[in-house]
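Hi everyone, thanks for coming. I'd like to walk you through one structure today, so please have the sequence and the model up on your screens.

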Amino acid sequence: MPASQLSFGLSRPVWVVQVGVFLNMFGYGAVLPFEIIYLHTARHFSLTAAGLVVATVTGVAIVASFPAGSLIDHIGPRDAAAAGLVLLALGYGGLAFVTSVWEAFACALVAGCGNGLVTPGQSALVAALVPRALRPRATAVSRVSVNVGFASGAALGGVVATAGNAGLRALFLVNAATYLGYAFLLRAAVHVAAAPHDAPRGTYRRVFADRPFLTLAAGHVGFIAVGWGVFSWVVPVYAQRLGVNSVVIGALLLVNGMTVVIAQIPIAKRLEGTRRSRSIALAGAAFVFGCAAALAAQARVLAAVVLLLAAVLVALGECLYIASFTPLVADLAPPEMLGRYMSCVAVAWSLGLAAAPALFTPLVGVSAPACFLTAAAVVVAATAAVVLNEKRLPAEALTTQVVARAQ
């Protein structure tokens, strides 16, 4: 193996990015559970105002993703991601010192713009740093970095938050510091070859004319809404209604995250040489069985055990899906438009996450069977769209390449 390569066949710059991903999610995991609590208790905002401030970050990120894609393709994914990280540091660092609601909204606006740059910029950067055959492995490592960072950050956040308002403010400053640390790593240790000057000009018109990609993006909304949204926000509410105690509810997300950490890389290696549409179909099946397991908990017989089983099933589905979908998009995107394609994926991701609490939370309050049957139907429809779309995809993108054993 060349000296520039580390384990798993990935180059040193890719591993530097993974350290940055860990830092990013460590800081975010520490602050996420306490964003609204801090704004409400320490800054004395109403719950409505606090919730709107937090929602602004996501809402602005969706709007900013489209111009962010153009910027990524223009200046490169590394510099775009680094700029987004600086904006995130300014936004979250500013929230530690706000004294009025309008100041908080201004900080949320800055952070949202940063988030709109970082998410697609980071995805485009990883895709640009590795050859096509290694993209599934790089994606798998990123998923592990995300989950380990988020879990360890959340654990630290819970401890620091016991210090009261001072501790809550410190969490925002820690989060800002991790963003700056990540930006420094990108600028100091990651270099990406510039696009040739004679490369075809990329536009969103070309992206929106790519019907196979748009079909994948539409299906992505459904997969994210159920596989990530429903099991992050709706299932905990449902479990509480069943009388499951808060310790088990917290364990659901812990078990889900740890399953991803353990299974993601082995699954990515196992998928080499297989058809991506079949892997995504298996992911859809895992999500459907997860919905069935959650619904079975309504019988209140070993409800906690059944819900934990659902968490494992969904985590396995996540591993199958991400290891296939993200590299597929990277393979479909022309190099000069990688930023725009990844920005559209980021928008689909955000729409899926927004749809879950907005649509399924009210539904679970009315009828749990209706909620989980609808969620399963959404997954089936998304899976069918991906499988039927397979014949319109280029042959070289249909199958995950096998990586040589030496890597």
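Predicted model: local features only at pLDDT ≥ 70, side-chain atom pairs only at ≥ 80, totals over all residues.

As a reminder, in soluble globular proteins, nonpolar side chains tend to be buried together. Here the largest nonpolar core has 76 residues, and Tyr-238 and Leu-307 are the ones with the most contacts inside it. Helix α12, residues 303-332, gives the largest share of this core, 17 residues. So what does Leu-307 touch, not counting residues up to four places away in sequence? Its partners are Val-235, Tyr-238, Ala-239, Val-244, Leu-252, Ala-294 and Ala-297. Apart from this core lies another one, of 47 residues, and Leu-10, Leu-39, Leu-85 and Val-98 are among them.

Take α7, residues 165-189. With 25 residues, α7 reaches 36 Å from its first C-alpha to its last, close to the 36 Å expected at 1.5 Å a residue. Several of its residues are buried, including Gly-167, Leu-171, Phe-172, Asn-175, Tyr-179 and Leu-186. What do the buried residues of α7 pack against? They pack against α1 (12-31), α2, α4 (77-95), α5 (101-129) and α6 (135-160).

On to the aromatics. A pair of aromatic rings is described by the distance of the centres and the angle of the planes. In one of them, Tyr-38 and Phe-172 sit 4.6 Å apart, centre to centre, with 40 degrees between the planes, which makes a tilted pair. This pair links distant parts of the chain, since Tyr-38 is in helix α2 and Phe-172 in helix α7, 134 residues apart. Both Tyr-38 and Phe-172 are buried.

The other pair is Trp-228 with Trp-349, also tilted, at 5.4 Å centre to centre and 55 degrees between the planes. Because Trp-228 lies in helix α9 (residues 211-241) and Trp-349 in helix α13 (residues 338-366), the pair ties together parts that are 121 residues apart in sequence. Are these two tryptophans buried or exposed? Trp-228 counts as buried, at 9% relative accessibility, whereas Trp-349 is partly exposed, with a relative accessible area of 29%. Both belong to one aromatic cluster, together with Phe-223, Phe-287, Tyr-321 and Phe-325.

Staying in helix α13, we come to Arg-340. Arg-340 lies over the face of Tyr-204, at 5.6 Å from the ring centre. With a relative accessible area of 10%, Arg-340 is buried, because the limit for that word is 20%. Leaving aside neighbours within four places in sequence, Arg-340 is in contact with Gly-69, Ser-70, Asp-73, Gly-202, Thr-203, Tyr-204 and Val-207.

Tyr-204 turns up again in the surroundings of Ser-65. Ser-65 is in helix α3 and counts as buried, at 3% relative accessibility. Leaving out neighbours within four places in sequence, its contacts are Gly-116, Tyr-204, Ser-343, Ala-346 and Val-347.

Next, the cysteines. How many disulfides does a search of the whole structure find? The count is zero. Look at Cys-291: the nearest cysteine sulfur, in Cys-371, is 8.0 Å away.

Last stop, a backbone detail. Most residues other than glycine have a negative phi. His-44, however, has a positive phi, near 65 degrees. You'll find His-44 in the loop between α2 (35-42) and α3 (47-75). His-44 is exposed, with a relative accessible area of 67%.

That's my tour, and I'm happy to take questions.

Terms used:
Residues numbered from 1 in each chain as written. Heavy atoms only, no water. Helix = DSSP H or I, 4+ residues; strand = E, 2+ residues; numbered from the N terminus. Buried < 20%, exposed > 50% of the residue type's maximum accessible area, 1.4 Å probe, protein only. Phe/Tyr/Trp six-rings, centres within 6.5 Å; stacked < 30°, edge-to-face > 60°. Lys NZ or Arg CZ within 6 Å of the ring centre and 35° of its normal. Disulfide = S-S within 2.5 Å. Core = buried A, V, L, I, M, F, W, Y, C linked by side-chain atoms within 4.5 Å. Contact = heavy atoms within 4.5 Å. Expected span 1.5 Å × (residues − 1).
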